[in-house]
Amino acid sequence: MNYTINNKTVLEHLPTLSPNGVGKSSSAQPFIEANTLEMHVQEMKDQHIIPVWGSSNEPLISHSDFIDTTWEQVHKHFDREQILKPNIRVSHAIKGRIPEAKHKAAKDLDPWEQTIYYERMMFVIEIPTIQDTVNGNLLSLTIGGVKSYNLDNLNSKRAHGDQHFQLFVGFQNKVCCNLCVSTDGVKQEVGIKSISQLKYAVENLLNQYNGSKHLNSMKALSEIDISEKEFAQVVGRSRMHKHLSDDVRKDIPPILFGDQQINAVVHDYYKDSNFGNADGGGLSLWRFYNLLTGANKSSYIDSFLERGVNAHDFSNGIIQHKTHSKPFWYMG
C-alpha cells in the first residue's frame with residue numbers, strides 16, 4: 001500500500017514495527033553533533049527549570065512542552081503510521097543554584113542544590129513507515145523543531161511577547177542520518193504566544209508540505225554529475241564568496257557554510273565511503289549534496305536549519321546551471 005501527500009502517491013507504506021514507536025527512538029546516530037548533548041524529554045520535565053519573562057515571572061513555553069505539542073500534532077496527522085520517540089539534542093547549558101547554596105564551592109554542591117536548563121534545543125521525530133529511496137539511499141519522513149531562548153527578549157517590559165520557534169518537515173538519510181530539508185518544509189521564524197498557536201503552526205506546516213515535490217527535487221540531484229574540475233571550482237569559489245565586494249556579492253546566491261565546513265566537504269570528498277570519491281573524479285549532485293548536509297552536522301543548533309535549506313538551494317542552483325544554462329557564479 002502507498003502513502004499519499006498532497007494527493008500524490010509517492011511513498012512506500014511499510015508494515016508497522018510496534019505501536020506508536022514504543023521503546024524505539026528516532027535516529028540511532030546524532031543528526032547534529034557540534035557542541036550538543038543527547039537529552040531525554042522526561043529528564044527535561046523532571047530536572048530542568050523553565051525560563052520566565054523578566055517583567056512578569058510568567059513561564060515561557062518549555063522545551064518539553066514544545067516537543068509534546070509537536071508529538072501530539074504528528075500523531076494526529078499521521079494516525080495510521082509508526083512514529084518513533086523524539087531524538088533530542090541540547091546545547092548552551094544555563095546553570096544556577098538555590099539561594100541556600102550560594103556560599104558553597106561548586107565542587108561541594110549537592111544535585112538538589114543545582115539548577116539547569118539549556119538555551120538551545122533541537123529534536124526530530126521519525127516516521128519509518130513513510131519512506132522512499134534516492135540513489136539507493138533509504139530516506140524516512142522526519143518532523144522536528146528548534147528552540148533558542150536567546151532569540152526571545154526575556155527582559156522586555158512588555159509581558160508575553162512572541163516566542164520564537166523553528167519548525168521543519170523533511171527526510172532523513174538513513175545511511176548517515178543527514179537531514180534533508182528544503183524551503184517549503186521549513187519555517188525558520190515562527191512567532192508564538194501560546195501552546196494553541198504552536199499547535200496550529202505545526203498542523204499548518206504538515207498540511208502544506210509537499211513531500212512528492214521535495215522527493216523529486218532530491219531524485220533530480222542523482223541524475224546530474226559534476227566533474228572533479230567543477231567540484232574544485234565550486235569549492236574554491238565558495239571560499240572566495242565572502243571576500244567579494246558588497247556590490248558584487250549582493251547579486252550572488254550565498255553559500256552559508258564556513259571555511260571549516262567547506263574543508264570538511266573536501267575531506268569527505270576523498271574519505272567518505274558513502275558519498276566521496278577516493279580516487280578523485282566526478283560525482284553525482286546527490287552525493288555532493290550529502291557532503292554538504294554531512295558538514296552541516298557541525299553547525300550550532302540555531303544555524304542548522306538555515307544551512308540545511310541552503311545546501312538544498314545551492315545544489316539546485318548547480319542543476320539549473322547545468323541543465324538550463326542559468327548563471328551560477330560558483331560554476332564560472
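Student: Is aspartate 132 buried or exposed?
Tutor: Buried. This is a predicted model, and in it aspartate 132 has a relative accessible area of 14%. That counts as buried because the cut-off is under 20%.

Student: Where does aspartate 132 sit?
Tutor: In strand 5, which covers residues 114–134.

Student: And which side chain does aspartate 132 make a polar contact with?
Tutor: The side chain of lysine 219. The polar contact between the two is 3.1 Å.

Student: New topic. How many cavities of 30 Å³ or more turn up in the whole structure?
Tutor: The search finds 1. About 40 Å³ of space lies in that largest cavity.

Student: Which residues line the largest cavity?
Tutor: Val234, Val235, Ser238, Ile255, Ile262, Val265, Phe288, Leu292 and Phe314.

Student: Which helix gives the most?
Tutor: Helix 5, with 3 residues.

Student: How do the lining residues of the largest cavity divide into nonpolar, polar and charged?
Tutor: There are 8 nonpolar and 1 polar, with no charged residues.

Student: What about the second largest pocket, how much space lies in there?
Tutor: About 190 Å³. Its lining is made of Gln47, Lys95, Gly96, Arg97, Leu109, Pro111, Gln114, Thr115 and Ile116. Strand 4 (87–97) and strand 5 are the elements that give two or more residues to it.

Student: Let's switch to threonine 36. Where does threonine 36 lie?
Tutor: In the loop between strand 2 (8–13) and strand 3 (37–39).

Student: Is threonine 36 buried or exposed?
Tutor: Buried, with a relative accessible area of 10%.

Student: Which backbone oxygen does the side chain of threonine 36 reach?
Tutor: The one of glutamate 33, at 3.4 Å. The backbone oxygen of isoleucine 32 also lies 3.4 Å from a polar atom of the threonine 36 side chain.

Student: Which residues is threonine 36 in contact with, leaving aside neighbours within four places in sequence?
Tutor: Arg89, Val90, Ser91 and Ile301.

Notes:
Residues numbered from 1 in each chain as written. Predicted model: local features only at pLDDT ≥ 70, side-chain atom pairs only at ≥ 80, totals over all residues. Heavy atoms only, no water. Helix = DSSP H or I, 4+ residues; strand = E, 2+ residues; numbered from the N terminus. Buried < 20%, exposed > 50% of the residue type's maximum accessible area, 1.4 Å probe, protein only. Polar contact = N/O pair within 3.5 Å; in protein donor to acceptor, adjacent residues only side chain to side chain. 1 Å grid on protein atoms, 1.4 Å probe; cavity = no way out; pocket = protein on both sides within 12 Å on 5 of 7 lines; lining within 4 Å. Points joined across faces, edges and corners; volume = space filled by probe spheres on them. Nonpolar A, V, L, I, M, F, W, Y, C, P; charged D, E, K, R; others polar. Contact = heavy atoms within 4.5 Å.
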